[in-house]
Amino acid sequence: MKTESSVDAYRSVSEAVVTAGAAEEVVGGFDAAVEAVFGPIATILSAFVFFELPVFGGVPVIVLWLMAAAVFITFYLRLQPITGIKHSMRIIRGKATRKTDPGEVSSFQALATELSGTVGLGNIAGVAVAITVGGPGAALWIIIFGFFAMTVKMAEATLGVKYRQVASDGTTSGGPMYYLRDGLAEIGRPKMGRFLAVFYAIATVIGVFGAGNLFQANQATAVLVNATGGDSSWLADKLWLVGVVMAALCALVILGGIKKIAEWTSAITPLMAILYFLGAVAVVLVNITNVPDAFVLMFQGAFTGEGITGGLIGVAIVGIQRALFSNAAGVGSAGMAHSASKTDDPATEGFTALWEPLVDSIIVCTLTSLAIITTGLYDMETDGSSMAGVELTSQAFGTVTSWFPVLLTVCVVLFGFSTILAYAYYGQKAMGYLTNENRKVEKGFQVAWVLAVVVGASISLDSVIAFSDAMFFLMTVPNLLGIYFLSRVLRLEILRYRTRAQVGTLDEIPAELQVGLRDHEPTKAQVKAEELRLEQAKEKRREIRREFRKAQRARTGDGGPGGRAGRFGRRG
């Protein structure tokens with residue numbers, strides 16, 4: 001996930017960019033006032049959420065909670081990241097779902113929306129810092145637990161679709177709030193479900209404001225200012241201007257709802273991924289002779305932990321923590337993103353969601369790791385902040401050519417912007433749940449979200465971000481509890497779908513009705529034809545039931561095993 005602040009909650013959450021003159025005094029005064037109110041609260045909540053067991057250099061309990069869930073679900077669902085990845089590619093291309101299925105976006109657009117909220121600062125700054133803290137071995141543990149995180153995302157997306165609500169106008173509402181409330185009620189735990197759903201929704205509204213808005217706007221602005229001259233930059237005392245531009249662009253997208261957000265993220269996400277991929281690959285190619293040594297260092301460090309506090313376990317914890325914090329597996333956001341997908345089979349979105357940690361924690365994080373290790377920057381000391389991580393990655397990019405760090409700046413700004421778009425939808429859905437889908441309240445949330453971008457870009461609000469960051473990771477508690485309770489339901493959905501796919505009983509969808517990547521709106525004729533198809537399918541099922549009952553009555557009347565004569569013999 002892009003919220004690098006999740007780790008910095010124990011260290012330094014973000015760095016304020018220096019402003020000037022009277023503006024600096026006003027901002028500084030406001031910052032101090034907010035700090036005085038939120039500081040103590042944030043400190044207490046962060047200490048609780050990120051409590052560390054005093055072993056192996058410190059092991060956060062929240063990391064153990066995420067680790068346990070990831071490993072359990074992966075084996076319980078029979079290693080779907082290995083067995084199901086091939087079939088998932090067909091679903092992402094839109095060949096397994098119909099344009100006339102309920103939903104608002106394609107599977108690819110849902111995937112892009114979720115990736116836009118996870119690929120970012122955590123993959124650039126977070127990985128760089130993790131390697132300087134845990135050594136090159138931490139990179140391998142990031143990859144290993146990226147694999148286990150794939151199944152957590154699968155669980156969230158599947159349950160998100162299964163328990164979503166589809167309104168009469170075709171709009172959808174789904175996510176952990178709904179599978180906690182309705183799913184747990186289904187298995188006989190309605191009171192627990194309602195409580196966990198409300199708790200999750202409240203934590204989401206607060207958590208996304210800091211992790212997905214204020215922090216992203218602040219860090220994107222800081223990176224942009226540093227890239228244009230730092231304190232001497234023309235933008236140094238005009239941070240609000242950067243915020244206004246970013247907020248205006250966000251408003252154009254966010255006020256259009258999930259369809260508009262999905263349109264933008266499905267365009268931005270591939271672009272920024274390709275840019276960063278090409279940049280990181282260029283760094284690796286320039287230092288290609290160091291690649292074999294880099295892999296040796298990764299494997300040696302991962303299984304020896306030499307020179308690292310806590311040894312082998314210490315290195316593993318650093319890497320696992322970074323993987324889970326980077327891809328947000330367990331937070332539940334995938335359940336909200338994929339609940340809007342066009343499908344009538346929940347498992348299709350589970351297989352689509354497998355790709356999110358694969359791209360985030362395995363592909364992108366590996367490229368960042370190789371860029372840092374092959375350039376020899378892995379042994380540099382940093383203060384553990386996200387800005388230090390960005391600077392380290394920038395130095396690695398600089399080994400290609402002097403202007404190459406500009407490419408990294410563009411990527412970071414795009415990552416921050418796309419996160420703000422994705423997390424706006426998550427916050428809106430949580431607010432909608434709390435207010436019984438009140439459209440006016442949701443629209444008010446959108447306006448407040450856009451205005452918060454300007455605030456986040458202008459001032460640091462460290463304590464507010466730390467507070468909301470802790471709330472963000474509290475989302476994992478009710479979400480993973482719900483997944484544990486619904487694990488049998490989840491297993492049935494996934495394995496039943498896999499069996500149908502393997503034996504070839506899934507419906508063949510005509511090419512003109514396949515959802516595809518982005519063109520997913522059906523024509524009126526297609527909608528009418530689908531209604532007729534569904535009615536014919538219902539009639540066929542009714543006919544089968546009638547024939548079955550007729551045959552059953554015939555057997556009973558003829559002395560079949562269910563009839564009186566069949567059981568006790570005929571009297572003559």
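Modeller: Start with a definition: a disulfide is a pair of cysteine sulfur atoms within 2.5 Å. Keep in mind that this is a predicted model.

Biologist: How many disulfides does a search of the whole structure find?
Modeller: A pair of cysteine sulfur atoms must lie within 2.5 Å to count. The search covers the whole structure. The number of disulfides found is zero.

Biologist: Is C250 buried or exposed?
Modeller: Buried means under 20% relative accessible area. C250 has a relative accessible area of 0%. So C250 is buried.

Biologist: How are helices α12 and α19 oriented to each other?
Modeller: Two packed helices are described by the angle between their axes and the distance between the axes. The axes of α12 (residues 257-286) and α19 (residues 404-434) come within 9 Å and cross at roughly 155 degrees. Angles over 145 degrees count as roughly antiparallel. So α12 is, relative to α19, roughly antiparallel.

Biologist: How many charged residues are in the contact of α12 with α19?
Modeller: Among the contact residues are W264 and M272 of α12, and L414 and F415 of α19. The contact has 18 nonpolar and three polar residues.

Biologist: What is the orientation of α10 and α20?
Modeller: Helix α10 (residues 190-227) and helix α20 (residues 439-458) have axes 7 Å apart, at an angle of about 40 degrees. Roughly parallel needs an angle under 35 degrees, and roughly perpendicular needs 65 to 115. Therefore α10 and α20 are oblique.

Terms used:
Residues are numbered from 1 along each chain as its sequence is written. This is a predicted model: local features need pLDDT of at least 70, side-chain atom pairs count only at pLDDT 80 or more; totals for chains, interfaces and linings use all residues. Side-chain values use heavy atoms; hydrogens and water are left out. Buried means under 20% relative accessible area, exposed over 50%, partly exposed in between (1.4 Å probe, protein chains only). Axes are lines fitted to C-alpha atoms, for helices over the stretch in contact, and angles run from 0 to 180 degrees between N-to-C directions. Helices (H or I, at least four residues) and strands (E, at least two) are DSSP runs, numbered from the N terminus. Contact means heavy atoms within 4.5 Å. Ala, Val, Leu, Ile, Met, Phe, Trp, Tyr, Cys and Pro count as nonpolar, Asp, Glu, Lys and Arg as charged, and the others, Gly among them, as polar.
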